[in-house]
Amino acid sequence: MKNIFKINLKNHTLAIVVLVSLLLCNCSDYLDVNTDPNNPTVAPLDQLLTDTQRNFNSITEFRLYMAEVLSTYVHQLTSREEQDQYGTKPDNANIHNSWDDAYSVITEADIIIEQGTAENEMIIVGMAKILKGYTATIIADIWGDAPYSEASKLATGTVSPVFDDQNSIYANALSLIDEGLANINSGQGSNPDTQDLFYNGSIPQWNKFVNTLKLKLYNEIRLSPMFDASKLNALLAANNFMESSSDDFEFPYSTTQSPAEERNPLFRASYLTGQTAHYASPWFYEILKGWNPRIHNGIEDPRLAYYFFNQLTPGQLPPDAGDPETGDPKADYWDRSTGFHSIRFGSVGPNRDFSSRKSSTYPGIYPCGGRYDDGLGGDADVDAGTGAAPHRLLTYHESLFIMAELIQAEVIPGDARAILEEAMTAAFKKVDDVVANSETTQTVPKLIGSTAVDDFITGILTEFDAASATKKMEIIMTQKWVSTFGDPFDQYNDYRRTGFPILADPLGDSPEYQLDNGDDWPLIDSETTLTRPFQVSLFWPQSELNVNENAPAQKDATAYKIFWDN
């Protein structure tokens, strides 16, 4: 596989601007000599594109980036860190890193746009515009108002860029994405080929991706004044969207460790550490098991073994803290029947902080290239998986869930039930695709064609048929949430837009969890609490506010809404 990390520019706007400014210096002011072809005075556009794509991928990733926070906020993982109980602070390093990489993308994209336009390299310019536009929507989705129009003006003396209104950022991004698509289809300039890490320069796939991206963005703003139904209708009439998982917009990871580390960041942050860092959400687990009394009750999800790996075998007492004499597992959440072991969101219980490296359930083969759970247990160490699983940014099956949502919301005509069925089927196929490309040595059964999958889909559709209109929307959004495990950014947006899926609430109805091992150590609801409201946007990095003279005062992240949040 090609080395996707061949460029190593620092992920900070200042460093990029200084570096490229040096590259752009004209030496003829000092020496009257011919240009040396071995020492280029401008950065190669295709290599800048590669680095721009790498930085774009990092914005919403795990291991040092915002997915570490958002995966807890959407209740697919839990944490002992500050993101528990929605407690992320303005100086959170993961959020700061995502902010830095977002502005690295904008700065590099502007360089490509300026230089590429001068050189008539419009295909690469188009790709840069699309990445810049997509990044701008992420910035607006997460932070609201933010630097944009002056964000990459440091080289011209702008050291304190103004915070633009989030509406104007989003509107500009939509226009920029349209411009980029036109540039890509112009046929002008060279094709980046394998330097394009997403589609290897395939123009048809870029077209499908951009149209699917526009569908996602139009759906995101459908309840805001910015929404233009005529644009959505024109997009639907053109009908040039992703057609299969081969069109997915995703960042590739492999088993390669040298000369550069190319394994999935969530795999590295989970399986290569001395202590458990990513806990599986018991709320998510119980929905997958079919235990939740209000959604998918009695419908067990066949993906559970692909999503999480249990180090413990069924009935095995947790070895880190469990007491073999009394049988007390000393676990915050442990399912004796499967070996699932984790901590609850908002737990203040006496067993929350025990060491659990040899007991905890880990992210599995689908989200990060970890281990498939065959029920045999084992150690979650470096040899347990391969790390070869992509970062799924926007997928075919996700686009089908978006269509189902639009139909159910009566924004467009269609059969929401039929599209939901297509979406679920495509989501199961995606799991099979990821496993097939993971280079695992395990024998992993295929999901598509199995009785378990057929029964599951039938069960969900039966539930859908009996549901009210609101409940139908909840089912669509819950299945989207389940299928996009590993991409908490869009899940965070979906929850704020629709209020679905329903998340764990330690202050809500009792019992919060349904687990019952039938022993002397039952779950106690009073051992979970919630002392802070949900953050409807994230804090601006405090370091930005400290040095930017045009920055606003820090927001109240529990009250500062994004313009499309209804």
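Is Arg352 buried or exposed? Arg352 counts as buried, because its relative accessibility is 13% and buried means under 20% relative accessible area, exposed over 50% and partly exposed in between (1.4 Å probe, protein chains only). The structure is a predicted model, in which local features need pLDDT of at least 70, side-chain atom pairs count only at pLDDT 80 or more, and totals for chains, interfaces and linings use all residues. Residues are numbered from 1 along each chain as its sequence is written, and side-chain values use heavy atoms, with hydrogens and water left out.

Arg352 is found in the loop between β8 (341-342) and β9 (361-363); helices (H or I, at least four residues) and strands (E, at least two) are DSSP runs, numbered from the N terminus. Apart from neighbours within four places in sequence, Arg352 is in contact (heavy atoms within 4.5 Å) with Ser79, Arg80, Asp84, Asp332, Ile343 and Ser347. A polar atom of the Arg352 side chain lies 3.3 Å from the backbone oxygen of Ser347.

Arg344 forms a salt bridge with Asp332, the closest N and O atoms being 3.1 Å apart. A salt bridge is defined here as a side-chain nitrogen of Lys or Arg within 4 Å of a carboxyl oxygen of Asp or Glu. Arg344 is buried, with a relative accessible area of 1%, and Asp332 is buried at 2% relative accessibility.

By this rule, the count comes to 28 salt bridges. Side chains of opposite charge can pair when their charged atoms come close. An α-helix has 3.6 residues a turn, so residues three or four places apart point the same way. Asp51 and Arg54 are both buried. Another salt bridge joins Lys430 and Glu250, whose closest N and O atoms are 2.8 Å apart. Lys430 lies in helix α14 (residues 416-436) and Glu250 in strand β4 (residues 249-251), so this pair ties together parts that are 180 residues apart in sequence. Lys430 and Glu250 are likewise buried.

The domain assignment of the chain gives domain 1 (40-241 + 535-565) and domain 2 (277-517), the bounds coming from an automatic or database domain assignment. The contact takes 46 residues from domain 1 and 45 residues from domain 2. The C-alpha centres of the two domains lie 28 Å apart. The area buried between domain 1 and domain 2 is about 4,100 Å², of which carbon and sulfur atoms give 62%; buried area is the accessible area (1.4 Å probe) that two parts lose on being put together, summed over both. His75, Gln76 and Arg80 supply 21% of the area that domain 1 buries against domain 2, more than any other three residues.

Four salt bridges are found across the interface of domain 1 and domain 2. The side chains of Arg222 and Glu405 meet in a salt bridge with an N to O distance of 2.9 Å. On the side of domain 1 that touches domain 2, at least two residues each come from α2 (45-59), α3 (67-73), β1 (77-78), α5 (122-143), α7 (203-220) and α8 (229-238). Helix α7 gives the most to that side, with seven residues.

Helix α17 (residues 488-498) is mostly covered, as nine of its 11 residues are buried. Among them are Phe489, Tyr492, Asp494 and Arg497. The buried residues of α17 pack against α3, α5, α7, β10 (391-394), α13 (396-408) and α16 (469-483). Just after α17, Gly499 takes a positive phi of about 80 degrees.

Ser224 is found in the loop between α7 and α8 and is buried, with a relative accessible area of 7%. Leaving aside neighbours within four places in sequence, Ser224 is in contact with Phe563 and Trp564. Ser230 is found in helix α8 and is partly exposed, with a relative accessible area of 47%.

How values were computed
Polar contact = N/O pair within 3.5 Å; in protein donor to acceptor, adjacent residues only side chain to side chain.
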